Amino acid sequence: MEVTLKVFRFNPDVDKKWRYETYKLEADPTDRVLDLLERVKGYTDGSLAFRRSCAHGVCGSDALRINGKNSLACKALVRDYGEKITVEPIMGLKVIKDLIVDMKPFFDNYKKILPFFINDSPLPADGKERRQSIEQRERFDDTTKCILCACCTTSCPSFWASDDYLGPAAMVTAHRFIFDSRDESASERLHILSETSGIARCHTVFNCTMACPREIQITKAIGELKLAMVTGNLE
Amino acid sequence: MTQNHQFEVVVVGAGGAGLMAGLYASKTAKTAVISKLYPTRSHTGAAQGGISAALGNLEEDRVEWHTYDSVKGSDYLGDQDSIEFMCQEAPQAILELEHMGLPFDRTPEGKISQRPFGGHTNNVTGKPVRRAAHAADRTGHMILQTLYQQCLKNNVNFYDEFQVLDLLTKDGKACGVVAVELATGELHVFHAKAVIFATGGHGRMWEITSNAYAYTGDGAAITFRRGIPLEDMEFFQFHPTGIYKLGILITEGVRGEGGILINGKGERFMPKYAPTVKDLASRDVISRAIYMEIREGRGVNGSNYIYLDVRPEVVNKFAALDGRTNPDGSPIKVTAEELLHKLPDIVDFNRVYLGIDPMTQPMPIQPTAHYTMGGIPTNRYGQVVVDDQGTIYPGLYAAGEVACVSIHGANRLGTNSLLDLVVFGKYSGLKAAEYAKSADFTPLPNDPTAFASQQFDALRNGDGKENAFDIGRELKKVMFDDVGVFRIEEGMKNALTKLAELRERFKHVRVNDSGKTFNTELLNAWELGNLLELAEVVATCALNRKESRGGHAREDYSKRDDANWLKHTLITRKNGKLEISYKPVVITKYQPKERVY
C-alpha cells in the first residue's frame with residue numbers, strides 16, 4: 001500500500017519556524033511507523049531526527065504523537081493507522097529538532113518523587129532476601145512495567161499547562177514504591193504528592209491510561225494514591 | 001569549542017554493567033557515566049527471562065552445578081576459574097539486587113522465585129533445575145530500572161546522550177575518552193585515571209536480530225582502533241526463538257514454563273537432538289536443530305520458520321509425557337491465566353506484531369542474532385588483558401557484553417548475561433576506583449580530539465556516491481547468510497570479499513546534515529563504520545577457526561577439535577592487516593568431554 005507520511009520538521013540550525021514535510025512511501029500493513037521514519041531518513045532526508053533504540057516497545061525512546069495520539073513509533077503498525085499518517089513530537093516539552101524533544105523536565109519530575117527503593121532497616125539476619133508474599137508483590141506489579149517513555153505525561157492537559165506538574169509517569173513510580181511492602185518512605189512520597197504541583201492537578205482525564213504503551217492502569221494507580229493520601233491506608 | 005572534564009573514573013555505557021560499575025566506582029572515586037542513550041533506554045532492559053544463581057529456593061541446586069552447566073554450555077571454551085568465580089558470586093549478587101529493591105517474583109514462602117531455563121540442570125539426575133530468578137518476563141527491565149534508581153539515589157554523575165568516539169592513551173596507559181554531546185554537536189574531552197567500557201555487543205550486523213539499533217559494537221571498535229586486541233570474535237549466539245522476520249526475542253522462559261518447539265509436520269523435534277532436556281537444551285543446539293528441520297523441508301508451510309507452542313493444553317500434555325511435575329510432585333496443570341501472568345510481554349509482542357494470541361495459537365519463530373560472546377579481553381576484575389600472558393593495560397577496564405572474561409566461551413548459557421553484567425560490572429567498578437586511588441592522572445596526549453574529528457570529517461567529506469543505508473542492509477544480509485548459524489569456508493570467503501567492497505564503498509558516503517544539533521545522520525554513519533570494522537573481524541576469526549564449537553558451527557569442520565582448537569582467539573590490526581594469535585583456556589576441574597543434552 002502507499003502511505004502518505006506527514007512529519008513535523010524543525011531544525012534549529014537552519015529553520016526559523018517549524019513546518020510539515022510530506023513523504024509518499026510504499027509500505028506493508030505490518031510495517032512499524034518507525035520503519036517508515038527509518039526509510040525516510042535512509043533515502044530521502046538524512047537530517048530527519050528522532051530517537052529510537054530497541055524497536056519493540058521496551059526501551060521507551062520513540063514516544064511520538066501519531067495521528068494525534070501518543071504512541072511508541074515501534075509499536076505503531078501501519079495497518080492500525082491507514083494510508084495517511086501524521087507524526088509529531090510529543091506535546092508539552094520543548095522541541096529541540098524535528099521529533100526530538102527536551103526530556104529534562106520529564107526526568108526532573110521523575111527525580112522529585114524519590115524514585116528509588118528506601119529501606120534503612122537492618123537486613124534479615126541470614127543476609128537473604130526481604131520476604132514478600134505473592135500477594136504483596138502483586139500489589140504493585142502493574143506500575144513496575146513503566147519504561148519512562150513519557151507517552152502518559154505528555155498526553156496530560158495538566159502537564160501541557162505547566163511542566164512543573166509531576167505528571168502521571170512520576171506518580172506511577174511513586175505508586176511502585178509506596179505500595180511495595182519492603183519500602184519505608186511512603187509517607188515522604190505521599191507528602192511530595194500533596195504539594196501544589198502534585199496529585200491535586202490530576203483531573204482524571206484518562207489520557208494517560210489511553211496513551212500508555214505498557215497498558216498500565218495509570219488512572220487507577222493515581223486513584224489508589226489519592227485514596228492512600230486521604231485514608232493513610234497502604235493496603 | 002571543546003569542553004574539558006576531569007574524573008577519576010569514566011564509565012562508558014549505562015546498561016546493567018555500566019550502571020553497576022558506576023555505582024561501585026562512585027563510592028570511593030569521582031566518577032562519570034557517559035551514555036549515548038538515556039540510561040533506561042539501554043539494551044539490558046530488553047532481557048526477559050531471568051538471572052541465574054544456585055539459590056535453591058524451590059529445589060536443590062548447587063554452585064558447582066551452575067559452574068559445570070556454564071562450562072558445558074560454553075563448549076569448554078570458557079575460562080573455568082572465572083566461571084567458578086561468577087557462579088560463587090551469583091547468590092550474593094542476586095540477593096544484593098533484592099536488597100536494592102528489585103521486585104523479583106516470589107515463591108509461596110516469600111522467597112525469590114526461580115524457573116527452569118535452557119541448559120540449567122541438576123547434575124545428578126540430568127533433569128532441568130529451577131535456577132533463573134525472574135520478574136515476570138521483564139527481568140532485565142527491572143534490573144536496569146533498579147540500578148539506575150540506585151545510581152540516582154547515590155548521586156552518580158551522568159552524561160546522557162553523549163556518544164564516546166575515541167579512547168585516549170598515553171605512554172601505554174588509558175587516560176580518558178573523547179565524546180560528542182548529541183544535543184549540541186560539541187566535542188568533550190574526559191580526562192580520567194581509569195576508563196571502563198560497558199557498551200554492549202554488535203548484534204546489529206545481522207539481518208534478523210533481537211538487538212537494539214544502539215548495538216553497534218562501539219566500545220569494541222573504539223578500543224580495537226587503538227590497538228587493543230579482541231578475543232573470540234567468531235563466537236556469536238543466535239537465539240533459537242525470535243519472532244519470524246522481525247527477530248524480536250521470545251524468551252527461553254517460554255520453554256521454561258513448558259513451551260514446545262513444533263515443526264511444519266506438527267512434530268515435536270527436539271528429542272531427536274537433545275534426548276534428555278529436549279526443548280531446554282542449550283541455545284546453539286536448538287538453533288542448529290531448527291535450521292536442520294527447515295533444511296530438510298520441515299519448516300512451516302515449506303517456509304523458513306517453525307512454531308513455538310505454549311498453549312496450556314500443549315504445555316500440560318508434554319509435561320505429562322516428559323514426567324515433569326511441580327516442586328511438590330503434583331502434575332503440571334497450567335492455565336492460560338497463569339501463563340499470561342508469567343509471560344505478559346511475550347503475549348503483547350505477539351498480539352502487536354503478529355496479531356496472534358499465544359494462548360490459542362502457536363508462535364512462528366526463527367533463530368535471531370542475539371549475543372556477543374567475544375569482545376575486549378579481560379580478567380575477572382574487568383582489567384583489560386592484551387596478550388596470552390595476562391598483561392594488564394593500565395587504566396583500561398571492560399565489563400558486560402563488550403567484554404570477554406571469558407565466561408561464555410563458545411556459547412552463553414541463558415540468564416548468565418544478566419549475571420555477568422552484575423558481577424563483573426561491580427568488580428570492574430571496584431577495581432577501577434582502587435586503581436584511581438593509587439595512580440596519578442596521566443597527561444592527555446597533544447590534540448586529544450584529532451582522531452575523533454578526523455573520523456567525523458571523513459564522513460562529512462565523502463563524495464556522496466554511496467548511500468549508508470544501503471551499505472548497512474547489504475552488510476546485514478551477507479553476515480546473516482554467510483556468517484550465521486551455519487558457516488562454510490566458501491561462504492565466509494564470499495562474505496570477506498563483500499565486506500571489503502562495502503568498506504571501500506563506505507568511503508564514498510557523505511553525511512548531508514551539516515548541522516550540530518542532534519546530527520543523528522552523522523552518528524548513525526559512524527556507528528555503521530564500527531559494524532563494518534567488526535564484521536571483518538568476526539568473519540576473519542570465523543574463517544580461521546577450523547572446527548565447530550558452541551555458536552560457531554562449520555559444515556566443513558563439523559566436529560569440535562580439542563587437539564588443535566581448545567584455545568582462545570586474539571585478533572589485532574597491525575599496519576592495516578589483521579593478525580591472529582591465541583591464548584590458552586583455563587581448565588580447572590572439568591576436562592572437556594562430548595557435549596550431550
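A residue is called buried here if 20 or more other C-beta atoms lie within 10 Å of its own, and exposed if 12 or fewer do. Keep that in mind as you look through these views of a predicted model.

View 1. The buried residues of H8(A) are A:Ile218, A:Ala221, A:Ile222, A:Glu224, A:Leu225 and A:Ala228. They sit on the same side of H8(A), because they cover an arc of only 155° around its axis. Here is a handy rule: an α-helix has 3.6 residues a turn, so residues three or four places apart point the same way. What covers the buried residues of H8(A)? The cover includes helix H5 (167-178), helix H6 (186-193) and helix H7 (207-211) of chain A. On the face turned away from the buried side, look for the exposed residues A:Leu227, A:Val230 and A:Thr231.

**View 2. Helix H8 of chain A from end to end.** This helix runs over residues 218-231, which makes 14 residues. From its first C-alpha to its last it reaches 20 Å, close to the 20 Å expected at 1.5 Å a residue. Just after H8(A) comes A:Gly232, with a positive phi of about 75°.

View 3. Stepping back, you can find eight helices and seven strands in chain A. Its C-alpha atoms fill a box of roughly 60 × 35 × 30 Å along the principal axes, and 49% of its 235 residues count as buried. The domain assignment gives domain 1 (2-101) and domain 2 (104-231), and the centres of these domains of chain A, taken over C-alpha atoms, are separated by 29 Å. Where they touch, domain 1 of chain A gives 14 residues and domain 2 of chain A gives 14 residues. Which strand supplies the largest share of the domain 1 side? Strand E4 (residues 69-72) of chain A does, with four residues. By class, this side of domain 1 of chain A has seven nonpolar, five polar and two charged residues.

**View 4. Where chain A meets chain B.** Here 42 residues of chain A are in contact with 42 residues of chain B. On the chain A side, helix H1 (33-44), strand E6 (95-97) and helix H3 (134-138) each supply at least two residues. How many residues of this side are nonpolar, polar and charged? The side of chain A that touches chain B divides into 17 nonpolar, 12 polar and 13 charged residues.

**View 5. Helix H8 of chain B is mostly covered.** Of the 13 residues of H8(B), 11 are buried. After H8(B) comes B:Gly297, whose phi is positive, near 85°.

**View 6. Two neighbours among the domains of chain B.** Chain B is divided into domain 1 (3-46 + 141-237 + 370-438), domain 2 (245-367) and domain 3 (450-563). The centres of domain 1 and domain 2 of chain B, taken over C-alpha atoms, are 34 Å apart. Their contact takes nine residues from domain 1 of chain B and eight residues from domain 2 of chain B. On the domain 1 side of this contact in chain B, three residues are nonpolar, six are polar and none are charged.

Methods
Residues numbered from 1 in each chain as written. Chains lettered and ligands numbered in written order. Predicted model: local features only at pLDDT ≥ 70, side-chain atom pairs only at ≥ 80, totals over all residues. Domains from an automatic or database assignment. Contact = placed C-beta atoms within 7 Å. Nonpolar A, V, L, I, M, F, W, Y, C, P; charged D, E, K, R; others polar. Expected span 1.5 Å × (residues − 1). Arc of directions from axis to C-beta.
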